[in-house]
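Colleague: I am new to this structure and would like to go through it with you. Could you show it to me, please?
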Amino acid sequence: MTGEAPTAVIGTEGMAELIRVLAARGRTVIGPTVRDGAIVLDELTDGDELPYGRGVELEAGHYRVRPRADGAAFAHSAGPQSWKTYLHPQRERQWNADRGSDGAWVVTEDDTPPPSYAFLGVRPCDLRAIAVQDRVLAGGPHSDNRYRARRERTFLVAVECTEPGATCFCTSMGAGPAVDGGYDLALTEVVDGGGHRFWARAGSDEGASVLAELPHLPADASLATVAHEKVSAAADRMGRTMPEVDLQALMRETLHADRWNDVAARCLTCGNCTMACPTCFCTSAEDVTDLTGDHAERWRRWESCFDLEFSHLPGGPVRASGRSRYRQWATHKLGTWYDQFDSSGCVGCGRCIVWCPVGIDLTEEAHALNAERAAGGPPGEGAA
Amino acid sequence: MTAARPDLVPVPYRVAARTARTPDTADLVLDPVADALPPFAPGQFAMVYAFGVGDIPLSLSAQDGHRLTHTIRAVGAVSRALHGLWPGTTVGVRGPFGIGWEPPAVEGTDLLVVAGGLGLAPLRPLVRAVLAARPRYGRVAVLIGTRTPGDLLCTQDIEDWRAAGARVEVTVDRPDNAWQGDVGVVTDLLDRAEFAPRNAAAFLCGPEVMMRATARELVRRGLAPDRIQLSLERTMHCGTGHCGHCQLGPLLLCRDGPVVSWSHAEPLLLVREL
Amino acid sequence: MTADRPDFFGALPPAHRDRLRTLAREVSFPAELRIFDEGGPADRFWVIRSGTVALDVYEPGRGAAVVETLGDGELLGWSWLFEPYHWHLGARTRAPVTAYEFDAEQVRGAIDADPAFGLAVTRCVAAVAIGRRLRAARLRLLDLYGAPGREPWTGAAGAAP
């Protein structure tokens, strides 16, 4: 984008128009909406599908949608899904192979045209999560070209966070509650005596041209200040924190901690945290054939490191114990992700805490590991 | 349609020959049906696909032009399918993937190649490359440990390597009636290999227990840990660093391995179930 | 005194035994505790008073294979006596264990300072721990309880290694 980033004030009608404008540009608009007692992501066709007047009540293993008197649309934090559902789908065909009568076969890469998405309401933590998955799936020596194609066609409307949940800790992970680039449009929702307004900024040329098509409310110089203040205040209202230490070193230095036994006694190894996590990217290859046996397909589906089969070798799994599988997940997320992809794998969205059926809290585990390390580590192990 | 990518989509190869090596192990010789993959460096691996069954990571045990040879032990669904293929059938191959063996740059370095069981296969291209440039190196020793004399791979190679100027020693865990050679573990053969610890490099492949014991013994004898390389095995589904299965702590073995130096590997291999 | 009796202290001449005992401290471990891991520094050793310790080897994908168990009176650990003083195996308690624990550096110091004591202790470790266990391990390699007619037997009576 060239020149100063255009800004504008839009109202709820402007928000509805935003959905129409993006759809008119051929995009599938995905955003939050209330369904089945949760604020989920789904295709939007109209502004009234947004969760106006709905917030969420979050705790470890607890999620409830609650009415809000102020009518805000984005006063909720992370729900059960994340944007990876669309960018890195649960199941995807990679290629087909067809065998001829001579036994030879040909492979064709799946060439379904990638969808053109517009994501409406990407919270800063999730914006960071998308950037993290970009590095994993499209930033290495081999690039996942289907992911890349979807990603490059996606229009991102970020909405800053003014209402953090009890399980949020994006401030600790440096991922929010303010946006820091990487969007086409950024919005901050303000509901006060001045009305229900969104302070909008363009972050790309397409963002600027979309913004230009929307009905603007009268310019209001004070709105930007109010928006900044609300976002800054949100930073101080995070329900959770991570220990203020080098988490990569903490994970590296506590591989033998007793705390892993403690958490393993509670963990069901169900893998919910990995499914809810917006950065967890692991997949398994799945090969299928049709009844004739002459048509084969390669699918890729989400996989969890909590699955016993995940680390399978001919003799059996490398990570046979629940302890080692939880440790793999946590140390990867907070520690070895830096070694592998030059960033944390955690963005502080809190989904793993909320959607854990037994309420295991990653931040509590990190604090406990830090305390155990400070106390001198476990007896017996390593020292003997 | 985007151009086919040999890292994501398998390239058809035809089985040109199949040679049984041991009761459960066979060499498959593969020729490209049309397009060939880029050349593999010794120690790099391919993902080899059996039609409709799946693919597994396999090191190359030989490469002659575009012709690839893989040594396959039938232990899982895919390896059993590949092991049972006959000449004329088609398989899919992706690659090359990973980081292979890195022979020392310094001329005159003594080389120790230590193989346990099937671990000899990924070391074969290295031994061949080294012996093809024999004058560049000091003494070259290939030490092989195997379960029984019948499990010994590449008996012809052993003669060829000796003729090409390598010291080759073999020891078995369980001898048969005819075996007149050594009986014992492969680390015992280190006494037989002549090398200057300060000017030597070692390449290990085999079960981790064997590689750990060998690496420690080499360090005890004065080799620097970063001059010992070992090839590690973990589950791999993609080969491209995207599936997450092959993690060993900070390493993605398909990208950062499979060949890793002992100085990197030791602290990781000491953590059980990492 | 016979070297094949497991009692480590019993294999030491009384004067040296009393000397070694002055260096001991009594410890107890709960069941299922890892006492040491392969590759770790062998800076201590133990003589087991009660309970059982399993020595194991870890191979990814196969888990930990127990290669031997040690019980009452037996020496746990000899890697402390020889460089590079790193454990070759892992050790884990099965039942709760009580033991005499020794500081390896202290005992090595005493061995260096007093050659007669040193010879007695070294002989004792060599005979009781290394010698007996090596003979046992070699016999186990033969898989004596396996079906007859298999390698490594040569077929000639008494020709087993």
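Colleague: To begin, in which helix of chain B does B:V78 lie?
Modeller: This is a predicted model. In it, B:V78 belongs to helix α1 of chain B, which covers residues 77-83.

Colleague: Is B:V78 buried or exposed?
Modeller: B:V78 counts as buried, because its relative accessibility is 12%, and the cut-off for buried is under 20%.

Colleague: Which residues is B:V78 in contact with, leaving aside its neighbours within four places in sequence?
Modeller: Its contacts are B:V48, B:V53, B:G54, B:D55 and B:I56.

Colleague: One of those was B:D55. With which residue does B:D55 form a salt bridge?
Modeller: The partner of B:D55 is A:R298, with 3.0 Å between the closest N and O atoms. Across the interface of chain B and chain A, the rule finds 1 salt bridge.

Colleague: Which strands of chain B each supply at least two residues of the side that touches chain A?
Modeller: They are β1 (11-22), β4 (54-59), β7 (90-97) and β15 (251-252). The most comes from β7(B), with 5 residues.

Colleague: What is that side made of, by class?
Modeller: The side of chain B that touches chain A has 19 nonpolar, 15 polar and 10 charged residues.

Colleague: Turning to area, how much do chain B and chain A bury between them?
Modeller: They bury about 3,900 Å², with 55% of it on carbon and sulfur atoms. In chain B, the residues losing the most area to chain A are B:F51, B:H242 and B:E273, together 21% of what that side buries.

Terms used
Residues numbered from 1 in each chain as written. Chains lettered and ligands numbered in written order. Predicted model: local features only at pLDDT ≥ 70, side-chain atom pairs only at ≥ 80, totals over all residues. Heavy atoms only, no water. Helix = DSSP H or I, 4+ residues; strand = E, 2+ residues; numbered from the N terminus. Buried < 20%, exposed > 50% of the residue type's maximum accessible area, 1.4 Å probe, protein only. Contact = heavy atoms within 4.5 Å. Buried area = accessible area lost by both parts, 1.4 Å probe. Salt bridge = Lys/Arg side-chain N within 4 Å of Asp/Glu carboxyl O. Nonpolar A, V, L, I, M, F, W, Y, C, P; charged D, E, K, R; others polar.
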